[in-house]
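I looked up the ligand surroundings, then the charged pairs, then the surface.

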Amino acid sequence: MKQPDQRPDQRPDHAARAGGQRDQAPQGGTHVDERTARKVAEEARESEWRLPSFGKRLFLGDLRLDLIHPHPRPDAEARRKGDEFLARLREFCATQVDPAQIERQARIPDDVVKGLRELGALGMKIPERYGGLGLGQYHYGRALMVIGSCSPALGALVSAHQSIGVPQPVKLFGTAAQKAAWLPASARSVTAFLLTEPDVGSDPARLRSTAVPDGDAYVLNGVKLWTTNGVVADLVVVMARVPKSEGHRGGISAFVVDMRSPGITVEHRNAFMGLRGIENGVTRFHDVRVPAENLVGPEGAGLKVALTTLNTGRLSLPAMCAAAGKWATGIARAWTAERVQWGRPVGEHEAIAKKVAFIAATAYALEAMLDLSGQLADDERNDIRIEAALAKLWASEMACRIADELVQVRGGRGYETAESLAARGERGVPAEQVLRDLRINRIFEGSTEIMHLLIAREAVDAHLSVAGDIIDPDATAADKARAAARAGGFYARWLPTLVTGSGQRPGAYGQFGPLARHLRYVERASRKLARSTFYAAARWQGGLERRQGFLGRMVDIGAELYAMSAVCVRAHADAHPEGDPVGEGTEPGPSAIRLADVFCRQARVRVDGLFDGLWHNTDAEDGRLAREVLNGDFRWLEEGVLDPSLPGPWIAAADFGPTERDDVHRFIG
Ligand SMILES: Cc1cc2nc3c(=O)[nH]c(=O)nc-3n(C[C@H](O)[C@H](O)[C@H](O)COP(=O)(O)OP(=O)(O)OC[C@H]3O[C@@H](n4cnc5c(N)ncnc54)[C@H](O)[C@@H]3O)c2cc1C
């Protein structure tokens, strides 16, 4: 592998030269219409549900609390093994890692990675027979929480390797030979997952990297962008498009690629607003021969491999978020008790007290969601893809709010860097860094907007499967008639179930004590959500998929209801530990109920607002205004400040070569 030696804009476009394969994307060239993009996403979707799903039923108005209560727990052996590892990991992070150095030098020192390897932390979820620790998702999540609370950049290294890098897809889709070849290696070294390209972000249909069959190999060409760990990895998973030809069904496929193969160049190490230590780059593949046996899963199944990997892989980011929430609670508690202004600790002024309460209650919910989803994944009795997606979406949004509030309660010290604070003799609290480090979670592994669409697709699936043909422009009259009959039968059975439920019975969920009222609320809200979805589907039919404002709120309601359910079940388990506690450390006892109660009250205010917003909003006006803005109708508004297309305070001339300057001009117009 060659290291960065040439500017990307000076390089020949190898993809273009590779046998004219650059236009293998559907529709040719880089233009992919919306319908094709949706089709590609739909084909990658796992449509089968073999196991029950709490999340799916929640969107259908059916609160299946029995699927998550009593709170599942690891068995004794898993707990012993996992807890013992967590103790060693905690000790290592506390004594051997200097997070300030990682931030200052924007590098993770080699001896830290070596230390993690020796602890087994690079192979946490790899089975023991392949040299890993064989931990479950629950302990993996808790381990990420420890690492994330030490250094989010280190957390990103570990999770990009184990949640989406080589081991997980190989574990799920690899042949026996592939597992034997790569899992032991993955337990010892860092790997990466390379899907994104300069022109391919949320929309994989545009993927341009190609893997052209050639004898016993594929010839790989293309450029991959934002490759977390890609700069240092030995093995990577690469998504590339195989052209259709005789004997090859073609399509986007997943390959394990050895980074020592000739033809691979890491051209640039990217730098970001946060996660300064991550080794993230631009990687170019030029006529790289990848042995045919390195194909993971069948040809054309690459996106399915990626999405299935993410079913549990998505739980890594909630672990980082829960870590940040717990850490922020400690900082907020100490600071707002100590800092006195206007005659009282700032934490006693209502405006700040509300922020402290929000941070603490939300941190509890983040941990509850993480542990519950992880343990459900380990039990393999539920399909957790919706829960994991809801956890990723909700946790990444809420953790950013927590970090922002933490900066606020720390006042000027929240905005000052830890290094500067320490240099003038104060405690170096990196609140601003946490805000920067967390921000990416709303963008990668499925941005918030894409998670809304992905979860909404599952939430409306019942309607689409019975009535989809009614609104499908390609369906025949006979298909539509059949669908209408099917839909009539389904809705005749389903709609009456949404009218009343246990949420209206005063004594329901009585064993939850003061939390029972919140579960009754969840049950009522779940039915209301399902009714709202039905009304929306009937009203907008095929147009519903474009109502992103509506769909986003609908999914956010589902996420809050999942958080409330997880919190109630967790608090019940924390307050009544029968045998092993669910979490680690101090047993919270009845104070868990108190925290859960306040969390649920806060969440209900948000849910009520979201329900209101379903039908009272400015979505249509916003859409019209955005079109006008894009059209340039408000160019006058941009006057009075420096022209953003010119070098200026935010775009320094020195940072730009002629090519980029032209790009900026072209972009801004
Ligand atoms: C630090 C960092 C690490 C990364 N690590 C990796 C990695 O290891 N491997 C890898 O393959 N990739 C990685 N990525 C890429 C990351 O996954 C993408 O940035 C992400 O998928 C979004 O793609 P994009 O940035 O091109 O945004 P775009 O897809 O261009 O989207 C721009 C905006 O439009 C929104 N949007 C897009 N489509 C729609 C739609 N249909 N409806 C509504 N809104 C929409 C998006 O949510 C976003 O807000 C990383 C990125 C960063 C910054």
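Entry 1, ligand shell. I found that strand E1 (191-194), strand E3 (217-228) and helix H18 (448-459) each contribute at least two residues to the shell around the ligand; helices (H or I, at least four residues) and strands (E, at least two) are DSSP runs, numbered from the N terminus. H18 gives the largest share, three residues. Of the 19 residues around the ligand, the nearest are Thr-196, Ser-202, Trp-226, Ser-447 and Glu-449, where a residue counts as near if one of its heavy atoms lies within 4 Å.

I note that the model is predicted: local features need pLDDT of at least 70 and side-chain atom pairs pLDDT 80 or more, while totals for chains, interfaces and linings use all residues. Residues are numbered from 1 along each chain as its sequence is written, and side-chain values use heavy atoms, with hydrogens and water left out.

I listed a ligand nitrogen 2.8 Å from a polar backbone atom of Phe-193, and a ligand nitrogen 3.0 Å from a polar backbone atom of Trp-226. A polar side-chain atom of Glu-449 is 2.7 Å from a ligand oxygen. The protein buries 68% of the 960 Å² that the ligand exposes when taken alone (Shrake-Rupley method, 1.4 Å probe).

My search of the whole structure returned 39 of them. Glu-84 and Arg-88 pair at 3.2 Å, N to O; they are separated by about one helical turn because they stand four residues apart in helix H4 (residues 76-96).

Arg-276 and Glu-103 form another, with closest N and O atoms 3.7 Å apart. Arg-276 lies in the loop between strand E6 (264-269) and strand E7 (280-291) and Glu-103 in helix H5 (residues 99-105), so this pair ties together parts 173 residues apart in sequence. Glu-103 is buried at 15% relative accessible area, whereas Arg-276 is partly exposed at 34% (buried is under 20%, exposed over 50%, partly exposed in between).

I also recorded a salt bridge between Asp-461 and Arg-457 at 3.0 Å; both residues are buried.

Leu-625, Val-629 and Leu-630 make a nonpolar surface patch of about 320 Å² accessible area together (residues over 30% relative accessible area without a salt bridge, nonpolar side chains joined within 5 Å). I placed Val-629 in helix H24 (residues 619-631).

Conventions:
Patches are made of residues with over 30% relative accessible area and no salt bridge: like charges are joined within 9 Å, nonpolar side chains (Val, Leu, Ile, Met, Phe, Trp, Tyr) within 5 Å. A salt bridge is a side-chain nitrogen of Lys or Arg within 4 Å of a carboxyl oxygen of Asp or Glu. A polar contact is a pair of N or O atoms within 3.5 Å; within protein, one must be able to donate a hydrogen and the other to accept it, and residues adjacent in sequence count only if both atoms are side-chain atoms. Buried means under 20% relative accessible area, exposed over 50%, partly exposed in between (1.4 Å probe, protein chains only).
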